Amino acid sequence: MTTRRNFMLGSLGLGGLAALGGLAPVARASGSKRLIIYFAYGGWDPTYLFDPKPGSSTVDTPTGDWVTHGDLTLWDTGSMSATHDFLGRYADRIAVVNGVSVSSLVHEECARRLLTGTSAELLGDVASRVASRLGETRPVPYFTLGANARAHGHEAQAATLGWFNQLQSLVAPDLAWPTDGRRLAPSSALDDDVQAYLSRRMEQLGDVRGLDGTNAARLADYAESLSRAEQIRAFVPGSFLEDWSLFNSYDVVGHAAAALAEGFSQTAFISDGGYWDTHSGNNQQAGMFDDLADGLSDLLAALERAGIADDTVVMVVSEMGRSPLINALGGKDHWPYTSAMLIGAGVNPVVVDGTDDTLRQQRIDLNTGGASSSGHALQTHDVLATVTELVGLDPAELYPEGEVIHAVVG
Amino acid sequence: MHVQTRAKPLRGMWVVLLLVGCNNDPGKAPGTGVAPNTLSPTQHLSRASIALRGVRPSLDDLEAVRDNPGALDGLIESYAASDDIGPTIRHMHGEWLLTDVFLSFYPAAYPTRGALSDMDAHALNRAVTEGTARLAEHIVLEDRPYSELVTADYVMANDVTAEVWGLSVSGDGDWQEARFDDGRLHSGLLSDPNYFVRHASTDTNRQRARSAHLMRALLCHDYMRREVRVPEGIDLTDGGDNAIKENVVCVGCHNTLDPMAGAFAENVGVVFPQYTWSYPITTWDPGLAADYDPILFYGVAAHDVLDVGQIIAEDNRFARCAVRRHYGQMMAMDADAVPDSVVDDLLPVWTAGDERVRPLLAEIARSDAFASTGPVVVEDGVAAEGLRRATPWHLQRVLEDLTGFRWETDVTYDIGFGRVGEVELMDNISYGFRVHAGGADGFDIWNPMRTANPTTLLVMREAAGMAAKHVVEADLVDGEGHLLTRVSSDTSDETSIRTQLVDLHLRLFGEAVSADGSEVTASWTVFANELERSDSVTSAWEATLFAMLQDPNLLFY
């Protein structure tokens, strides 16, 4: 049986290490779907876009009229034109899931639960787990472009771009930081010798240190990393990694779209760059949603241009919601229910009605998305199970406690 | 699986230690007489040197241990006793206290203004963010009780941070004890302005975040990691004011967390350094504490931050947490993963040493568990892993120490708060490759990576190429004697090259190997092939060191 680890180890001729494989089987990458997590850190106020509660007397909502785009209702605050444009164009591809319980009020803890489906510290997020199953033939199955991505357990399959696009400066010689150090430009023959040396030394290290427990896992990660580092270097010529205009920008959306379109990665994690934690001045959320909509519009347009929009699922999330009422500082505090927006491949445009009039969680019918007193109370692993279903993997394997929200799956 | 009685336990509690290992050939280090499942003495020394000082041992030290394994303990003692551990202490505390952060963004980005306008922004921000860890370094190097971390009647400052915080320093302006003269009380970390800027608390948070971070750092009591199941139907419509008093789920944490707040309430809640227009920055205002309740520290009444510091110092959890954190750092494992039995075992060492750090570090570094080649399983967890992964901080120091090469760039532009200036790339978060090489960033990533990833190997490759060229020229042309001490640019015979390679394997990896051993043959092959291709001894050494400086034995120690 081919496994991730013995596939990589075998490619390096490390039979001794490979014999210690035995990990879960992997699916093949051919024709498989891509996944992007688009993360808004700080806790958004769903009443601005996803869960507007028009006419509510128990929830402080934005002021103004509201307009609808498909099933979505949006406050017309006068300062959310980009959001209206975004919905006007893409509403028929968007599902919104309201009332997802994150069961905590601490940012880090909520983010962990939202992205991994559990409170376990060392578990990879959904994009890393999908990448390990669908993207093993990519140089970097999981490409992270912002904070809060979690590649635990899949470190050898992930790479990060860096705040100043350092990955490009690391691998593209023309983009390298200027330094007093003289670079060594090895011939291909020397590169081969060095690879052989490193592989031999890794074997010797395994011989001396033993291959039990974490030693085996860490050496396997080393072997896989060695192989992937070479794949990354081989990928550079003609790719986005040596694109000067991208290097000279903060365009994480452009980087992510290029990485997926060019086959560098199967999944990606983007941080929107905003800081949504509006304990004061909650009306700043309008501008943040507009910036988010701008970024999403750019992303979806880029995916369309690359011809992969129909194969890509985008999961847009924030780790918590905001409390129903405005506080003394004009802000809103933490709220343990959030919303998720799913866009793209296989997504049925629907709004899952997981909150009541007071913005508390209410149970829903998984098949229709409507409220149902005998239905299901949504947890983070339900959203992740649904995403897993959308990308064509078995939710029962990745998120056995999760329930697929069938209403969302077209 | 072997089950064996430990020859050199940390203390008596570990009667039987399960070393789940299968060292296939412990005789590989000639003449060392090592027991199965522990490193050879030279490798043990090498691991200890990295853990204590962040660099490999000198060739003289390694040869001394190779020739006389009995010299090992004494050398470890000397490392722990030297001031060379200072940078390690700073590094570990920067990581624990989450003060080693991005220098170009919030919570740093202090601008070059006023008397500091001629400084490079990077140097300015490094000084400010290092201040907190300098306190710990000072306490350790001065052999003072570690509890001074929360009781010291001073903060640490140099001429830069004195300007930033409004302190006075004397002499050459180097790091020294300093005191505010504005009436605030001094209680070590609890009075450190950099710490409170790093860990902000909004008006509605009311010092809870700071309290929680402090308890996590000092007592290993992590409120934020507690499993909280917010009950259905909880009423938070008032911002939670009622729930934290009456809801049983909330009260579980808030009844101890919230009453601490008064101790820290005089510190300004949120400071955005990048919006500083003149120094010193106001970070303290006694009026801010006016509407806080009297201080209760886990139920013990305290009058002020001095009382709180003293209570923490006397809290058994503080000692246990200090032991846990130092042990974790030495073993390259997360503090949370350190078994309680290990802490129990080491606590007498801590107490007997009057809470001084050096004896504890030496005790850990001498132990068999420290020298284990495989996982050390104890009754309540894993006390050590076999392969310890170097952080980018280690890699940078090791590379510079070995070769004299420092990977730097001069960032000439200004991103809004002054010309950035010289930046070391391997361990820098903002511009360099610390995160790519598996390091923590003190903000989003709290613990370093413990395994390999592709970009770490790419970073090592890039640095190794430049370091190899640098050291070959330095040694063969300028005769600086970093690594190539037994050869010249004319030496190409196999015997001489292998003799040099034996030294290199010892110096770089702590491997005591023979000239005809398989380890040397691996590196000799690189040398011989490149010599044949280029007909240049210099190129052959550059190629060989290019390979050796990427060796997995540098990443894992």
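In this predicted model, Tyr142(A) has Thr267(A) of β7(A) as its bridge partner. Strands of a sheet pair through backbone hydrogen bonds, either parallel or antiparallel. In chain A, eight strands make up an open sheet of mixed pairing, and their order is β6-β5-β7-β1-β8-β11-β4-β12. Its edges are formed by β6 (158-160) and β12 (351-352) of chain A, each of which pairs on one side only.

| Domain of chain B | Residues |
|---|---|
| domain 1 | 18-81 + 354-388 |
| domain 2 | 87-314 |
| domain 3 | 393-406 + 449-555 |

Taken over C-alpha atoms, the centres of domain 1 and domain 2 of chain B are separated by 36 Å. Eight residues of domain 1 and seven residues of domain 2 of chain B take part in the contact between them. On the domain 1 side, α1 (41-53) and α15 (357-366) of chain B are the elements that give two or more residues, and the residues of this side comprise two nonpolar, one polar and five charged.

Between the chains, 73 residues of chain B are in contact with 70 residues of chain A. The side of chain B that touches chain A divides into 29 nonpolar, 27 polar and 17 charged residues.

Definitions and conventions
Residues are numbered from 1 along each chain as its sequence is written. Chains are lettered from A and ligands numbered from 1 in the order in which they are written. This is a predicted model: local features need pLDDT of at least 70, side-chain atom pairs count only at pLDDT 80 or more; totals for chains, interfaces and linings use all residues. Two strands pair if DSSP finds at least two bridges between them. Helices (H or I, at least four residues) and strands (E, at least two) are DSSP runs, numbered from the N terminus. Domain bounds come from an automatic or database domain assignment. Two residues are in contact if their C-beta atoms, placed from the backbone, lie within 7 Å. Ala, Val, Leu, Ile, Met, Phe, Trp, Tyr, Cys and Pro count as nonpolar, Asp, Glu, Lys and Arg as charged, and the others, Gly among them, as polar.
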